[in-house]
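Please read the following note alongside the sequence and the model. The points move from the interface to the fold of one chain and then to a single side chain.

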Amino acid sequence: MLDFLFYFLAALTLGSAFMVVASRNAVNAAMFLIVTVAGVAGLFVLLGAYFLAVLQILVYAGAVVVLFLFVIMLLDDGGEAKVKPTAVSIGASLAAFMLLLLGVLSFLGGPELVDTGAAQATETPIGANLQEYGRQLFSVYLLPVQVAGFLLLIAMIGVILISKRHQEEALEE
Amino acid sequence: MTVGLNEFLAISGLLFAIGFTGVLLRRNTLVIYMCLEIMLSAAILALVGFSRFNNTMDGNIFVFFIITVAAAEVAVGLAIIVALFRHRQTIQVEDLNTLKN
């Protein structure tokens, strides 16, 4: 059952990721991005990282894609469909895809990439323990948490500055 | 579950490849940005997979920080795209060639 779920979610994720690349309309691409993110969150659940699955849905599907849709509506760039990719970019992207595919295939048939010296995967995954997250974030990773908070503040100030400076220029003109 | 780490890594690698292809292929800055998000998702999927099968917490915590940085990055990136559109009236990469000549 879990195996079936894994292959179903994997197919869903990869298929919708392909549709993000293939769809002509930017809004459709954003919609398929939601499906991709939800598929990845499902794979997180299979891996026992329930907290990260919820976080993935909240941050990506809840905030990032909504932001994308806002910007798409704000800009309303209708000229997308007319621009065809050039032969060079098609060739380069296909070559890059094949190279990455080769890397994936090279280890698929090989041995398990698990560190045998470490403790093996337990029946209850360690990522399911929410208490462990809190304990680690506020002891071992206390400084990175503060840096991340500071980064969010800097990003917010930067975004305000980027949008505000333009208004001043427009007033001067 | 008989699915092991390698299968998860394969999915992660394929997802990354699809995102990378999109970045190279697409002409719309917004769609390129979405493909970057797909690549980030692929990377964190690999991290969670390693974390699960090696029974460590570090990968999960790292993913937590990556999601934070990704959120900040999207906000700044989209603000830059909006500023660019106001300035040049386009978001197609073909038309953004000021540095070319």
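How much area do chain A and chain B bury between them?

1. Chain A and chain B bury about 7,200 Å² between them, and 77% of that area is on carbon and sulfur atoms; buried area here is the accessible area (1.4 Å probe) that two parts lose on being put together, summed over both. On the side of chain A, the residues that lose the most area to chain B are Leu47(A), Phe68(A) and Leu75(A), which together make up 10% of what that side buries.

2. This is a predicted model, in which local features need pLDDT of at least 70 and side-chain atom pairs count only at pLDDT 80 or more, whereas totals for chains, interfaces and linings use all residues. Residues are numbered from 1 along each chain as its sequence is written, chains are lettered from A and ligands numbered from 1 in the order in which they are written, and side-chain values use heavy atoms, with hydrogens and water left out.

3. Counted by contact (heavy atoms within 4.5 Å), 85 residues of chain A meet 72 residues of chain B. Across this interface the rule finds zero salt bridges, a salt bridge being a side-chain nitrogen of Lys or Arg within 4 Å of a carboxyl oxygen of Asp or Glu, but it does find five residue pairs in polar contact, both residues at pLDDT 80 or more. A polar contact is a pair of N or O atoms within 3.5 Å; within protein, one must be able to donate a hydrogen and the other to accept it, and residues adjacent in sequence count only if both atoms are side-chain atoms.

4. Chain A has six helices and zero strands, where helices (H or I, at least four residues) and strands (E, at least two) are DSSP runs, numbered from the N terminus. Buried residues make up 32% of the 173 residues in chain A, with buried meaning under 20% relative accessible area (1.4 Å probe, protein chains only). Of the contacts in chain A with a separation of 6 or more, 58% are between residues 24 or more positions apart.

5. Arg27(B) is buried, with a relative accessible area of 11%, and a polar atom of its side chain lies 3.5 Å from the backbone oxygen of Leu24(B).

Terms used. Buried means under 20% relative accessible area, exposed over 50%, partly exposed in between (1.4 Å probe, protein chains only).
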